[in-house]
Amino acid sequence: MRQSFYTNDMTAVIIIAAATIAALIAAVLIKPGIEIKGKSIGLYWMIVMAGAVAMIISGCAPIRDVWAGMTADTAINPIKILVLFLSMSMMSIFLDEIGFFRFLASYVLSRARTSQKTLFIYLYVIVSVLTVFTSNDVIILTFTPFICYFAKNAKIDPVPYLFAEFVAANTWSMMFIIGNPTNVYLATTNGITFIRYFLVMGIPTVMGGVAAFFMLFLVFRKQLHKPIEAESVTAVIENKVLLALGIAHLGICTVLLVLSSYIGIEMWLVTLSFAGSLFLLVMVYQFFSKVRDGELNRSFLRIPWELIPFVISMFVIVLALDRYGITKELAEILSKGPAIWVYGAASFVSANFLNNIPMSVLFCSVIGNAPQADTIPATYAAVVGSNIGAFLTPIGALAGIMWSSILRRLGVRFSFITYIKYGALISIPTLFFTLLGLSIIL
């Protein structure tokens with residue numbers, strides 16, 4: 001009788017998980033968000049949250065187990081992971097709000113003069129560098145409108161630059177652990193420190209980034225022959241005090257993240273402390289200077305808060321899958337080949353069915369059931385797949401969903417088929433060379 005109940009519960013878990021994933025994909029393809037009083041609200045996190053609630057109500061994920069996982073003093077605690085990423089996002093968004101990224105972009109692009117090829121190279125380089133030290137989502141949301149307006153003014157095709165920006169942001173985001181929430185989740189869950197992560201992922205990221213650039217240049221070489229007709233205008237940062245505060249906090253925070261494993265402080269505490277410090281110092285400055293331009297409020301509102309219900313809900317669903325041995329069975333299937341190549345390819349493909357954040361949460365559990373010798377190679381390979389998988393289809397990452405929404409709003413035609421055509425040509429060679437680099441290092 002007990003076996004019968006267990007089998008029924010396992011069937012329920014599979015049905016709920018499959019229905020949630022199917023609904024998530026449908027929402028991304030058909031209607032990723034809804035408008036309520038002029039404010040866009042994403043449907044993707046609501047769908048996953050509904051799946052998590054169904055798991056709890058059905059008893060497949062008992063509330064006591066969920067609470068235990070949420071409050072556990074371990075690296076897999078989703079609250080710590082969310083605090084780490086959201087704190088870093090807050091500091092990056094603040095720099096964007098005071099115009100730092102727009103200033104750098106306009107300055108660098110102005111150096112290209114009339115050459116589209118030079119412009120293309122400069123854009124790829126600046127997006128890559130900024131992504132390494134901030135996060136891919138912030139850079140994509142900042143640069144996409146800028147590129148659209150610049151291209152319209154210069155009478156050039158924005159597509160090569162938009163796709164180059166997206167590819168650069170989702171390739172060079174592998175360099176540091178803070179570049180993508182998937183990096184944070186996969187690495188910290190498996191006890192990988194900031195410096196250890198960089199020492200492994202540095203060379204593979206460079207190999208992937210170089211491969212991505214050459215593929216981009218090859219694919220778009222014909223569009224880059226036309227000269228630029230308009231001159232760009234250099235943006236100006238008006239408040240140098242806020243600029244100094246923002247850069248100092250982000251810079252020192254990054255240094256302490258590198259040293260966190262040596263000084264015995266968890267990364268989430270480092271990022272939370274610096275985000276809190278920046279918030280308080282800006283408040284004090286605004287109080288005494290009586291300068292209130294709203295950068296802090298806008299930064300707070302732009303933080304991707306929807307990641308909280310999204311990640312926690314996915315955590316609940318994966319908890320149920322793990323409880324009934326489904327992730328263990330997946331681990332057994334994936335253990336039948338070289339971990340780097342098998343997990344790299346599997347995560348790359350899975351990200352485009354699940355989206356990269358749910359995929360990462362799922363793969364954390366799968367990797368936890370894998371043979372011990374495969375744990376570290378599989379973790380880094382899944383990191384690679386979660387980042388590069390983002391530019392195979394728009395479903396691959398939240399950044400892709402947001403990017404597509406921005407393009408629709410700005411009237412830039414970029415169909416699902418066009419995305420896949422460019423994405424396949426560029427992502428597959430990039431994945432190969434990144435995994436090759438990872439194989440050399442490990």
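Residues are numbered from 1 along each chain as its sequence is written. In this predicted model local features need pLDDT of at least 70 and side-chain atom pairs pLDDT 80 or more, while totals for chains, interfaces and linings use all residues, and side-chain values use heavy atoms, without hydrogens and water.

Trainee: Which residue forms a salt bridge with K80?

Mentor: A salt bridge is a side-chain nitrogen of Lys or Arg within 4 Å of a carboxyl oxygen of Asp or Glu. The structure holds five of these salt bridges. For K80, the closest N and O atoms of the pair are 3.2 Å apart, and the partner is E266.

Trainee: How many residues apart in sequence are the parts that K80 and E266 tie together?

Mentor: K80 lies in helix α4 (residues 78–97) and E266 in the loop between α11 and α12 (267–289); helices are DSSP runs of H or I with at least four residues, numbered from the N terminus. The pair therefore ties together parts whose separation in sequence is 186 residues.

Trainee: Is D96 buried or exposed?

Mentor: D96 forms a salt bridge with R302, with the closest N and O atoms 2.6 Å apart. Buried means under 20% relative accessible area, exposed over 50%, and partly exposed in between (1.4 Å probe, protein chains only). The relative accessible area of D96 is 2%, so D96 is buried.

Trainee: Which residues are linked with D96 in a network of salt bridges?

Mentor: The side chains of E97 and R298 meet in a salt bridge at 2.7 Å, N to O. E97 is in helix α4 and R298 in helix α13, 201 residues apart. The network links D96 with E97, R298 and R302.

Trainee: What is the angle between the planes of F166 and Y419?

Mentor: Rings of Phe, Tyr and Trp (its six-membered ring) pair if their centres lie within 6.5 Å; planes under 30 degrees apart are stacked, over 60 edge-to-face, and the rest tilted. F166 and Y419 are 6.1 Å apart, centre to centre, and edge-to-face, with an angle of 75°.

Trainee: Where is V255, and is V255 buried or partly exposed?

Mentor: The place of V255 is in helix α11. Its relative accessibility is 48%, so V255 counts as partly exposed.

Trainee: What span does helix α19 reach from its first C-alpha to its last?

Mentor: Helix α19 covers residues 398–409, which is 12 residues. The expected span is 1.5 Å times one less than the number of residues.

Terms used: Helices (H or I, at least four residues) and strands (E, at least two) are DSSP runs, numbered from the N terminus.
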